[in-house]
Amino acid sequence: MSITDQIFQAGVVGCGGAGFPTHVKLKGTVRWLILNGAECEPLLRTDRWILCNRARRVVEAAEAVRRELGAGECVIGLKAAYTQEAAALEEAIAQTGASIRLHKMGSFYPAGDEQVLVHEVTGQVVPPAGIPLDVGAVVSNVATMLAIRDAMEEIPLTHKYLTVTGEVAHPAVLHVPVGTSFRECIQMAGGALEERYFVVSGGPMMGAPLTVEQAEKAVVTKTTSGILVLPEEGYLSRHSAIDLRHTIARARSACIQCSYCTQLCPRHLLGHPLQPHRIMRKLALCGDLTAILDDPDVRQAQICCECGVCEIYACPMELQPRKVNALLKAELGKAGIRYQRQEDSWTPDPGRESRKAPTRRTAARAGVLRYYDLPVPPLVEGTPDRISVPLKMHIGVPAVPVVSPGDTVTAGQLIAACPEGKLGANIHAGISGRVESVDGSIVIAG
């Protein structure tokens, strides 16, 4: 059985991003196989823990995938500041004789953005609205590569490594079954230090904001990278609470056209024709949002990666170009307007190096600097009595249940399958127990 077949059977999807099914991503022949170990989001320590403690398994998987893909080069991108992680990788490469090299970058955000990483490693620029394959590269997160190593031993992806940090008693990297509640994860990290708090699923820049009530209902998925417990009255909480109508009103009335959002935009710095300040200007001058959808400048919103540099790091007026771009992307989608890719070559901005956003300063702008200097924390293994496993936690169609309420399942058993011929992923049970219900999720009680 090929590695891609093993990956499909194990239900492996991208662990560090949107959850693209990995067996599809790794088909074809490429020049570069790039492993993303940059973990650019401030506060997250998941990938760093993996690199420190599971380096050999990551390297073994990467070498096997490189051979199957026929990739000429395999490169692990990480920050130069990750000295312990680099040492572990170099030792693993020496022990295995793998044809892999390290590419060490500065500490800037978003170093782990797929298109930014491709340029850092290869010098190539992925076209606007393109994918790394357009320049002969494929990028995989190191946590995904660890899951691939398990798949090579017929171990399905049932557990996730994730960081729990912020206002908790004992920040930790957890290893828990997919479907574990956020509430239990927070308890495994010693519990929240305050009765009322604000939660971010993911990192402080691109993570999804959740109230206490929403966090109570949230569960770990295959793409969950972290849970941040933050003050309820902190910057990120206040920032996320601004509704769309207020966001648009502020954009129209307070944008001073300083163009910092454009000057510091990571995609603009790669040479992409994205200029957030021009989009904000058009928004200020229009009476109806739909009236500007045909504007070429406005359509560039579709190539925004929503990294948050524009609104959290760049804007002196605390406006939200990212949220405006996301709104416009949604409206353009409703109107059936797709970004028209161009065949031009793209050249990075000459001032790119001097305009990269330092990670530490980015954390300070996001109001989370007090948690920034946390070393790689210890691992906490957790096995809850009950899990709720979503059927849709990857790009593509939902998995189809193959179990029914009342069935008894064992840990690792297939409980939902990818429909034949469709883009999707298999799902397996993270604990042994009885199936309580099957709806949008499969609930299993141990």
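Strand S16 (residues 414–417) pairs with S17 in the antiparallel sense, over 2 bridges. The model described here is a predicted one.

Strand S18 (residues 433–438) takes part in two pairings, described here in turn. With strand S15 (residues 408–409), S18 pairs in the antiparallel sense over 2 bridges. Val-409 has Gly-433 of S18 as its bridge partner. With strand S19 (residues 441–445), S18 runs antiparallel and is joined by 4 bridges. Ser-437 stands opposite Val-443 in S19. S18 and S19 together form a hairpin, with 2 residues between them.

**The parallel sheet**

Another open sheet consists of 4 strands in the order S3-S2-S1-S5, with parallel pairing. Its edge strands are strand S3 (101–105) and strand S5 (137–141), each of which pairs on one side only. From one strand to the next, the twist averages 25°. Helix H6 packs on this sheet and touches S1, S2, S3 and S5; the direction of H6 makes about 120° with that of S1. Strand S1 (residues 32–36) and strand S2 (residues 73–79) run parallel and are joined by 5 bridges. Leu-35 has Ile-76 in S2 as its bridge partner.

| Strand pair | Sense | Bridges |
|---|---|---|
| S1 and S2 | parallel | 5 bridges |
| S15 and S18 | antiparallel | 2 bridges |
| S16 and S17 | antiparallel | 2 bridges |
| S18 and S19 | antiparallel | 4 bridges |

Helix H6 covers residues 114–122. Because 8 of its 9 residues are buried, H6 is largely enclosed by the rest of the structure. The buried residues are Gln-115, Val-116, Leu-117, Val-118, His-119, Glu-120, Val-121 and Thr-122. At the start of the helix, a side-chain oxygen of Asp-113 comes to within 3.2 Å of the backbone nitrogen of Gln-115. After H6 comes Gly-123, which has a positive phi, near 80°.

Gln-115 has a relative accessible area of 7%, and therefore counts as buried. A polar atom of the Gln-115 side chain lies 3.2 Å from the backbone oxygen of Gly-130. Apart from neighbours within four places in sequence, Gln-115 is in contact with Val-126, Pro-127, Gly-130, Arg-267, Leu-270 and His-272.

Arg-352 is located in helix H18 (residues 352–355). Its relative accessibility is 7%, so Arg-352 counts as buried. The side chains of Arg-352 and Glu-120 are joined by a polar contact of 2.9 Å. Glu-120 is itself among the buried residues of H6. With residues up to four places away in sequence not counted, Arg-352 touches Val-116, His-119, Glu-120, Leu-269 and Leu-270. Leu-270 is also one of the residues in contact with Gln-115.

**Helix H4**

Helix H4 (residues 55–69) has 15 residues, which at 1.5 Å a residue should span 21 Å; the end C-alpha atoms are 21 Å apart, so the two values agree. In this helix, the residues Ala-55, Val-58, Val-59, Ala-61, Ala-62, Glu-63, Ala-64, Val-65, Arg-66 and Leu-69 are buried. Just after H4, Gly-70 adopts a positive phi of about 75°.

**The crossing of H14 and H17**

Helix H14 (residues 276–285) and helix H17 (residues 321–334) have axes that come within 10 Å and cross at roughly 70°. The two helices are therefore roughly perpendicular to each other. From H14, Pro-276, Ile-279, Met-280 and Leu-283 meet Pro-321, Val-324, Asn-325 and Leu-328 in H17.

Notes. Residues are numbered from 1 along each chain as its sequence is written. Side-chain values use heavy atoms; hydrogens and water are left out. Buried means under 20% relative accessible area, exposed over 50%, partly exposed in between (1.4 Å probe, protein chains only). A polar contact is a pair of N or O atoms within 3.5 Å; within protein, one must be able to donate a hydrogen and the other to accept it, and residues adjacent in sequence count only if both atoms are side-chain atoms. Contact means heavy atoms within 4.5 Å. Two strands pair if DSSP finds at least two bridges between them. Axes are lines fitted to C-alpha atoms, for helices over the stretch in contact, and angles run from 0 to 180 degrees between N-to-C directions. The expected span of a helix is 1.5 Å times one less than its number of residues. Angles under 35 degrees count as roughly parallel, over 145 as roughly antiparallel, 65 to 115 as roughly perpendicular and the rest as oblique.
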